[in-house]
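Colleague: Hi! Could you walk me through this one in plain words?
Modeller: Happy to, here it is.
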Amino acid sequence: MTQLELATDRGHIVAAETLAASPLAIRGLTVSYGEKPAVFSIDATVQDGSMTAIIGPNGAGKSTLLKAALGVIKPLSGTVSVYGAPLEGQRARIAYVPQRASIDWDFPARVIDVVLMGLYRELGLLRRLTGGHRQKALECLQRVGMADFAERQIGQLSGGQQQRVFLARALAQDADLYLLDEPFAGVDAATEKAIIDVLKALKAQGKTVVAVHHDLATITEYFDHVFLINVRKVAEGPVATTFTAENLQKAYGGRLATAQIEELELGAG
Amino acid sequence: MLFEALALQLGYNATLVAIGSALLGISAGVTGTFLFLRKRALVSDAISHATLPGVGLAFIVMVLLGGDGRNLAGLMAGSALSAWIGLICVQSLTRRTRLSEDAAIGAILSVFFGFGVVLLTIIQSMSSGRQAGLDGLLLGSTAGMLMQDAMIIAGGGAITLALVLLLRRAMTLVAFDPQYARSIGIDPDRVDMLTMLLVLSVTVVGLKIVGLILIVALLIIPPVTARFWTERSEKVATYAGVVGGVSGYVGAAISASTPDMPTGPIIVLTCFALFLVSLFLAPERGVLAAYLRHRRFQEKVHIRQGLLSLAQQQPVYEPLTIRLLAREGLARLDGVPTEAGRARAAKALLDEHRWQIVHGMADFEAISSLYDGLRDIESVLTADQLAEIDALIGGPAEVTP
């Protein structure tokens, strides 16, 4: 059986080579806390070089999907492949930006120490930290507009600044695929601009960006692909054809008023 | 007498104990730092109490095999094994049931300790056990310490310390952000297990000197003390090693220079003294510094508010504000500003306007975040930048001749 047949055989109308080249291909992923699936039998194929938003109502499993794709949570079933190979061997090509609320910011560390954590894979257990490493961390801070904060204790930062430090840590990893969990949640306008500029620059370099996103009003401006989820997959594809009133209704149900959808000024699909 | 002890001139045994205690203190302090950063200090309590049944069983086995029941290496091996079993019990109770870790620790700690006490009582009634002195391992007993014992303690402490240094980056990462650690391929569960193994080995090494009940203090008090002095995790570890080492050395010297003073408890009390000093006197996080900072801050706020009121020709009502303004020579006690007060008030109002402009400029974000209503704007902006801002404000107050 050829790869193509294998793919169609499993009920996915996906060409085999797209699957192999995809930065992130998820098949049949189910994650469950207790006995209630948080995400159920998800298939997803992220396009290389795209900026993809994962959207859906609260409790739809957006963050869970992202964490399971990274192996941060263990899925009940399903496979994840990264650039055509199993996740474990491809960790060097992925950078993750967690939700900043998951951290105790009173931890004894300076901003630059957090960014240097992004070099862990490069440093390993034994290698000494050099001026070169520090320089690299400072450059990453520069890219998110936080170079002036390098020596500050992380507890002194505002929420938006914390988020940018996390992004700088991911940049230090020199990855090809960036996975971000609600990078724009509760940040100030200056931070939102700084983050989206960095993400667009990454895309311009041919990197792939996937972000859990909550603000439907900025989807068309920020992203080129969307993945709609409500425990199950609702739709995935380019913003122009997938981010439609019909799909939003399917994902959000009654939780999104018709008036709100109309405000987004979408085509009929 | 204490001086001679500190200079290691109080005889063979005292010297062995002092050096052993210092090494133990260093490795306990450094290892404990990562437990403290991971917020799992209590686990060390479970580990240490779970050593006791192993001590008893090791003694019985060694006697039955015809050996010396008090052999330190044998007792350490037994205690390590039973602490390991206790640790596994805590882990699996936490993971497989809905029990929280603190409840699991409480249950395991008391059950293992109770079982250990029963074993020690049985040993007391055995003919060979009458002189065993195993209860010395509860609170430490250094009186009959042999060169061989000291070597085991020094070697064990040094190996533990080396392993902690090797794993420090991984342990710091897992303590700070376990999900991110997992995303870059570090398994937090495995790192946690290794951390616990290191804590276990410190506990076992410390049995002879501070005993199993007090080792927790030597693991936790040094990092807590160190935390008062620094905001960087690697420095917390270094300072904790120093605090632990000094406590071990000085504590051992104090107990050697005073008849019938137990070593372990004195070491712990020395450590606690260092903690108390840090708690009150540490420059940033200490209680005294925090109080003075608050007091100074309050005074600055009152003066600033008073000046802004004067600038806008509003009356100053609060007695404290008026007293402070008078103390600084800025106003009379009836609230009328002095010449100096008027000048400072005008300056305060101008600076408020300047800050408002800074807040609106994206380039000044880092500076803008420094605004707290009190900071001198001249301390964060250059004269050129200020001139630029003043040009934006306009109005008579900014026209300089």
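Colleague: Which backbone oxygen does the side chain of Thr51(B) reach?
Modeller: The side chain of Thr51(B) reaches the backbone oxygen of Ser48(B), at 2.5 Å. Before we go on: this is a predicted model, where local features need pLDDT of at least 70, side-chain atom pairs count only at pLDDT 80 or more, and totals for chains, interfaces and linings use all residues. Residues are numbered from 1 along each chain as its sequence is written, chains are lettered from A and ligands numbered from 1 in the order in which they are written, and side-chain values use heavy atoms, with hydrogens and water left out.
Colleague: Thanks! Where does Thr51(B) lie?
Modeller: Thr51(B) lies in the loop between α3 (41-49) and α4 (52-64) of chain B. Helices here are DSSP runs of H or I with at least four residues, strands are E runs of at least two, and both are numbered from the N terminus.
Colleague: And is Thr51(B) buried or exposed?
Modeller: Thr51(B) counts as buried because its relative accessibility is 0%. Buried means under 20% relative accessible area, exposed means over 50%, and partly exposed is in between (1.4 Å probe, protein chains only).
Colleague: Which residues is Thr51(B) in contact with?
Modeller: Leaving aside neighbours within four places in sequence, Thr51(B) is in contact with Ser79(B), Ser82(B), Ala83(B), Thr203(B), Leu207(B) and Leu212(B). Contact means heavy atoms within 4.5 Å.
Colleague: Changing topic: how many residues of chain A are in contact with chain B?
Modeller: On the chain A side there are 39, in contact with 28 residues of chain B.
Colleague: What area is buried between the two chains?
Modeller: About 2900 Å², with carbon and sulfur atoms giving 57%. Buried area is the accessible area (1.4 Å probe) that two parts lose on being put together, summed over both.
Colleague: How many salt bridges does the rule find across that interface?
Modeller: The rule finds 4, where a salt bridge is a side-chain nitrogen of Lys or Arg within 4 Å of a carboxyl oxygen of Asp or Glu. In one salt bridge, the side chains of Lys39(B) and Asp104(A) meet at 2.6 Å, N to O.
Colleague: Which helices of chain A each supply at least two residues to that side?
Modeller: They are α4 (111-116), α5 (120-123) and α7 (159-171). The largest share of the side of chain A that touches chain B comes from α7(A), with 4 residues.
Colleague: What about the inside: which residues touch the most other members of the largest nonpolar core?
Modeller: Of its 77 residues, those are Ile55(A), Leu199(A), Ile219(A) and Leu248(A). A nonpolar core is a set of buried Ala, Val, Leu, Ile, Met, Phe, Trp, Tyr and Cys residues joined through side-chain atoms within 4.5 Å. Helix α8 (residues 147-176) of chain B gives the most to this core, with 8 residues.
Colleague: Which residues does a second core include?
Modeller: A second, separate core of 48 residues includes Met145(B), Met193(B), Ala217(B) and Val243(B).
Colleague: Last one: what is phi of Asp260(B) near?
Modeller: Phi of Asp260(B) is near 60°, a positive value in a residue other than glycine. Most residues other than glycine have a negative phi. Asp260(B) is in the loop between α12 (233-257) and α13 (263-281) of chain B, and this residue is exposed, with a relative accessible area of 81%.

Technical notes. Polar contact = N/O pair within 3.5 Å; in protein donor to acceptor, adjacent residues only side chain to side chain.
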